[in-house]
Amino acid sequence: MKLYYSPGACSLAPHIVMAELNMAYEIEAVNLKDKTCMTGDYKKINMKGTVPALKMDNGEILTEGAVISQYLADQKNDGSILGKFGTTERYQTLEWMNFIATEIHKNFSPLFFADKMMTNTQSQTDTKTCFKTILNDKFNFLSAKMGNNTFLMGNNFTIADAYMFTCMTWSKFVGIDMSQWPNLNTYMGRVMERPSVLRAMKEEGLI
Ligand SMILES: N[C@@H](CCC(=O)N[C@@H](CS)C(=O)NCC(=O)O)C(=O)O
């Protein structure tokens with residue numbers, strides 16, 4: 001299978017999942033500015049023009065990162081990074097995935113887009129302040145909920161950790177200081193040490 005990605009974008013999460021599961025995979029970079037990839041017009045692969053997209057072994061394309069990670073975990077189906085069908089653990093992991101997609105990931109996006117989408121500098125500043133405040137709230141919740149847990153689901157690394165870690169790496173680009181939540185800072189360091197995370201980050205040229 002092949003993952004279409006942009007370095008450091010949300011596509012890093014399924015990339016980590018593929019590495020974690022030791023799958024056979026290829027990756028292809030997408031230029032998100034002009035929506036091109038090695039094979040030409042990326043919109044012919046994913047009409048949405050966003051990453052990630054996964055070309056599955058049957059040639060079909062799957063989009064939406066949270067679902068791609070779920071699909072990848074189900075290929076292995078050993079319950080290691082996503083609980084098996086019917087278990088509470090599975091739905092609690094998916095609960096995290098939904099939270100990250102809707103409450104973390106998408107509240108980062110305006111921090112990247114504000115300068116491009118608005119010409120008025122005061123509007124840019126106000127927009128960024130608004131979304132940073134929202135994210136601060138989410139990280140306060142996350143910090144309290146996690147306490148000293150090793151990973152989001154306790155002792156086991158799951159697809160939700162791959163996604164949460166990916167979003168957290170964006171904090172340094174938008175001026176959110178993660179050191180104000182020492183347990184989250186430690187968590188990021190712990191995830192970063194995983195061989196799968198290092199491998200995926202190296203393959204994207206991030207380290
Ligand atoms: N709903 C999609 C959103 C993916 C998304 O926002 N991808 C960003 C990178 S993190 C992107 O491709 N942005 C380029 C654009 O919106 O033009 C998902 O969860 O996979």
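Glu64 sits in the loop between β6 (61-63) and α2. Helices here are DSSP runs of H or I with at least four residues, strands are runs of E with at least two, and both are numbered from the N terminus. The model is predicted: local features need pLDDT of at least 70, side-chain atom pairs count only at pLDDT 80 or more, and totals for chains, interfaces and linings use all residues. Residue numbers start from 1 along each chain, as its sequence is written.

- Nonpolar covers Ala, Val, Leu, Ile, Met, Phe, Trp, Tyr, Cys and Pro; charged covers Asp, Glu, Lys and Arg; the others, Gly among them, are polar.

**Backbone exceptions**

- Most residues other than glycine have a negative phi, and most peptide bonds are trans.
- Glu64 is not a glycine, yet its phi is positive, about 75°.
- Glu64 counts as partly exposed because it has 15 C-beta neighbours inside 10 Å.
- Burial follows C-beta atoms placed from the backbone: 20 or more others within 10 Å make a residue buried, 12 or fewer make it exposed, and counts in between make it partly exposed.
- Asn77, in the loop between α2 and α3, has a positive phi near 50° and is not a glycine either.
- Asn77 counts as exposed because it has 10 C-beta neighbours inside 10 Å.
- Val51 and Pro52 are joined by a cis peptide bond, with omega about 0°.
- Pro52 lies in the loop between β4 (40-41) and β5 (53-55).

**Ser11 and helix α1**

- Ser11 belongs to the loop between β1 (2-5) and α1 (12-20).
- Ser11 has 26 C-beta neighbours inside 10 Å, so it counts as buried.
- Leaving out residues up to four places away in sequence, Ser11 touches Leu3, Tyr5, Ser6, Val51, Pro52 and Gly65.
- Contact means that two C-beta atoms, placed from the backbone, lie within 7 Å.
- Ser11 and Thr50 are 39 residues apart in sequence, and their C-alpha atoms are 9.4 Å apart.
- In α1, nine of nine residues are buried.
- The buried residues of α1 pack against β1, β2 (26-31), β5, α2, α5 and α8.
- Asn22 follows α1 and has a positive phi near 55°.

**Packing of α2 and α5**

- Two packed helices are described by the angle between their axes and the distance between the axes.
- Helix α2 (residues 65-76) packs with helix α5 (residues 159-168) at about 145°, with axes 10 Å apart.
- On the α2 side, Gly65, Ala66, Ser69, Gln70 and Ala73 make the contact; on the α5 side, Ile159, Ala162 and Tyr163 do.
- The residues of this contact are five nonpolar, three polar and no charged.
- Axes are lines fitted to C-alpha atoms, for helices over the stretch in contact, and angles run from 0 to 180 degrees between N-to-C directions.

**Met97 in α3**

- Met97 is part of helix α3.
- With 24 C-beta neighbours inside 10 Å, Met97 counts as buried.
- Beyond its neighbours within four places in sequence, Met97 contacts Ala66, Ile159, Ala160 and Tyr163.
- Met97 and Thr158 are 61 residues apart in sequence and 10.0 Å apart in space, C-alpha to C-alpha.

**Helix α4**

- The 26 residues of α4 (residues 121-146) should span 38 Å at 1.5 Å a residue, and the end C-alpha atoms are 37 Å apart, which agrees.
- The expected span is 1.5 Å times one less than the number of residues.
- Phe131, Leu135 and Leu142 of α4 are buried.
- Their cover includes α3 (88-117) and α7 (182-192).
- Gly147 follows α4, with a positive phi near 50°.

**After α8**

- Ile207 lies in the segment after α8 (195-203).
- Ile207 counts as exposed because it has 10 C-beta neighbours inside 10 Å.
- Leu198, Met201 and Lys202 touch Ile207, not counting residues up to four places away in sequence.
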